[in-house]
Amino acid sequence: MNTEQNVEHLSKKITTFAAQLECMTTLDYLFECSWEVCNKVGGIYTVLSSRARTLHDKFDDNILFIGPDLNNEPQDFAEDPNLFREWKSSLPEKIRVKTGRWKIPGNPPVILVAFKHLYGARNGLYYDMWEHFGIDSQAAYGDYDESCIFAYSAGLVIENFHRFHQLENKNVAALFNEWTLGMGALYIKKNVPAIATLFTTHATTIGRSIAGNNKPLYGKMAEYDGDKMAAELGVQAKHSLEKQTARHVDCFTTVSDITAMECKQLLQKQPDVVMPNGFEGGFVPEGVEYDRKRSEARKTLLNVAEKLTGCHIDANAFIIATSGRYEYRNKGLDVFIESMHGLRSAENLHREVVALIMVPAWVYAPRADLKYLIEQNIRQESPLQTPFLTHWLRSESDDRIMNYIRGAGFTNAAAEKVKIFFVPCYLDGQDGIFNKSYYDLLPGLDATVFASYYEPWGYTPLESIFFGIPTVTTDLAGFGAWAKTEISGGDIAEGVAVVHRNEDNYFDVVRDVNRQLLKLMDADSTVIRKNCLSLAKKAEWTNFITYYYKAFQIAFEQKKETKN
């Protein structure tokens with residue numbers, strides 16, 4: 001790059017920074033809506049909760065999170081009836097809300113919205129969305145109605161709040177996450193045009209469906225017509241909603257370049273901004289506290305393993321885990337089990353291995369026999385029935401993970417150096433067996449594996465390195481692709497190993513995962529932990545939040561153009 005090009009490049013960077021800085025200082029209110037506000041059911045919860053402090057530090061209580069009131073008492077919601085009291089007293093009967101604080105770093109204000117009483121408005125809403133935006137809800141089923149009515153309720157709340165507080169001359173933005181909030185975004189677009197609307201798809205409905213139905217997504221991406229594939233796979237309504245929301249909002253965003261490619265082909269809309277997901281370091285214990293958490297976590301994990309198998313497990317056992325959503329192929333759960341199976345016959349395996357699959361499934365209850373042994377601290381010399389399972393499942397014979405474990409010939413017998421366990425519950429600290437949260441158990445691991453086939457971003461490997469735990473992921477994960485822009489990705493000693501994955505190299509992936517794990521068992525864990533933390537530092541929200549400021553800037557600019 002010559003001097004003239006350098007000057008031009010620097011000028012563009014200064015202009016971009018100045019525009020983002022202007023947005024940072026002129027955004028008066030931000031509403032962020034998601035099904036996962038105070039409702040921990042997936043990765044979007046981590047997105048919102050981990051960056052809340054960064055946004056709250058900038059905008060104070062003028063960032064308002066809106067989530068569903070599910071008629072329960074969320075552990076992370078602290079109700080405050082006095083918050084927005086005057087506004088609440090003015091609400092019409094059909095708008096029912098609770099106000100309070102999200103008990104996460106930053107403690108931002110939250111509005112939880114009741115919606116089930118509005119189901120009677122469904123047909124009118126769907127007709128309105130068809131008439132104005134071309135959304136076809138005829139083939140809707142499953143969670144479509146529930147999601148759309150909640151989104152509509154969120155739109156009503158924003159509209160009412162905006163008018164009550166007379167924000168017409170303020171810079172107000174509303175960010176809606178995933179197709180589930182699409183109708184909320186479009187309701188605001190139509191009824192409160194003064195608000196700049198943003199829509200983030202974290203994974204396209206049709207892309208996830210193609211991959212989940214064992215169809216080749218990436219190798220045939222250019223051949224797919226999103227509308228036709230949605231009809232073939234029975235997700236027309238969700239796809240239609242997602243596609244039209246992306247087209248009509250002021251700013252459409254996604255979380256990685258790989259998902260942006262999906263959006264361009266399958267939604268026929270190129271995202272305006274790619275906003276990679278960061279993490280908040282405040283979640284992670286440090287120093288002596290980290291060491292204490294690691295020691296407690298290892299004792300807990302090994303104790304459960306010993307109680308299930310009826311045998312002693314070395315305190316220096318290598319503990320590996322995978323976790324996340326129960327998407328068998330998409331999340332690489334099959335690769336994980338096959339990799340553990342391959343380790344059983346590895347000639348250079350000289351440490352015991354405890355492998356954990358921490359994936360919520362159709363759980364029935366914590367095992368009473370296991371719970372009794374733990375609570376009474378009883379050491380038995382024979383394994384429990386089904387020594388792979390920490391919680392009973394409702395339909396164990398149909399469970400793919402359990403069937404693969406059995407089919408691969410695992411026994412968890414004392415003589416086996418690799419023992420595998422399925423933890424099919426949400427690790428929220430109240431599961432009845434571990435009684436520790438996922439973040440409390442994560443420090444006890446030696447490695448994680450997320451050999452994803454379909455992974456728009458990949459919070460689980462990112463969380464791992466923030467906790468100093470090295471991880472293996474793939475280049476089909478948004479996080480894996482990002483990591484390769486910072487490191488080589490070829491050596492687990494860097495903190496992250498990024499394995500190449502495509503449509504046809506399943507067993508190559510298994511081999512490469514095992515090669516990295518075996519290398520890790522002999523590596524200097526202190527050095528690797530430092531490498532993990534060094535890479536994690538680059539993915540903090542303080543670095544990635546600028547993409548959000550850029551998105552707000554684009555939304556406001558588009559709003560001005562539309563108005564003119």
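This is a predicted model: local features need pLDDT of at least 70, side-chain atom pairs count only at pLDDT 80 or more; totals for chains, interfaces and linings use all residues.
The model contains an open sheet of nine strands with mixed pairing, arranged in the order 3-4-5-2-1-6-7-8-9. Strand 3 (77-79) and strand 9 (273-274) form its edges, each pairing on one side only.

Within this sheet, strand 1 (residues 29-33) is paired with strand 2 (residues 63-68) in the parallel sense, over four bridges. In this pairing, Glu32 stands opposite Phe65 of strand 2.

## Helices across the sheet

Helix 10 (residues 257-267) lies across strand 7 (196-201), strand 8 (251-254) and strand 9, and runs at about 125 degrees to strand 8. Helix 20 (residues 541-563) lies across strand 1, strand 6 (172-177), strand 7, strand 8 and strand 9; its direction is at about 135 degrees to strand 7.

## Cys251 in strand 8

Cys251 is a residue of strand 8. Its relative accessibility is 0%, and Cys251 therefore counts as buried.

Apart from neighbours within four places in sequence, Cys251 is in contact with Thr197, Leu198, Phe199, Asp272, Val273, Ala551, Ile554 and Ala555. Of these contacts, Thr197, Leu198 and Phe199 fall within the range of strand 7 (196-201), Val273 falls within that of strand 9 (273-274), and Ala551, Ile554 and Ala555 fall within that of helix 20 (residues 541-563). The C-alpha atom of Cys251 is also separated by 7.9 Å from that of Pro271, which is 20 residues away along the chain.

## Helix 2

Helix 2 (residues 43-59) comprises 17 residues and reaches 24 Å from its first C-alpha to its last, close to the 24 Å expected at 1.5 Å a residue. Asp60, which follows helix 2, has a positive phi, near 55 degrees.

Because 13 of its 17 residues are buried, helix 2 is largely enclosed by the rest of the structure.

## Strand 14 and its partner

Strand 14 (residues 418-423) runs parallel to strand 11 (residues 353-358), to which it is joined by six bridges. Lys419 of strand 14 is the bridge partner of Val354.

In a regular strand, side chains alternate between the two faces of the sheet. In strand 14, Val418, Ile420 and Phe422 point one way, while Lys419, Phe421 and Val423 point the other way, and all are buried. Since six of the six residues of strand 14 are buried, the strand is largely enclosed by the rest of the structure.

How values were computed. Residues are numbered from 1 along each chain as its sequence is written. Side-chain values use heavy atoms; hydrogens and water are left out. Two strands pair if DSSP finds at least two bridges between them. Helices (H or I, at least four residues) and strands (E, at least two) are DSSP runs, numbered from the N terminus. Contact means heavy atoms within 4.5 Å. Axes are lines fitted to C-alpha atoms, for helices over the stretch in contact, and angles run from 0 to 180 degrees between N-to-C directions. The expected span of a helix is 1.5 Å times one less than its number of residues. Buried means under 20% relative accessible area, exposed over 50%, partly exposed in between (1.4 Å probe, protein chains only).
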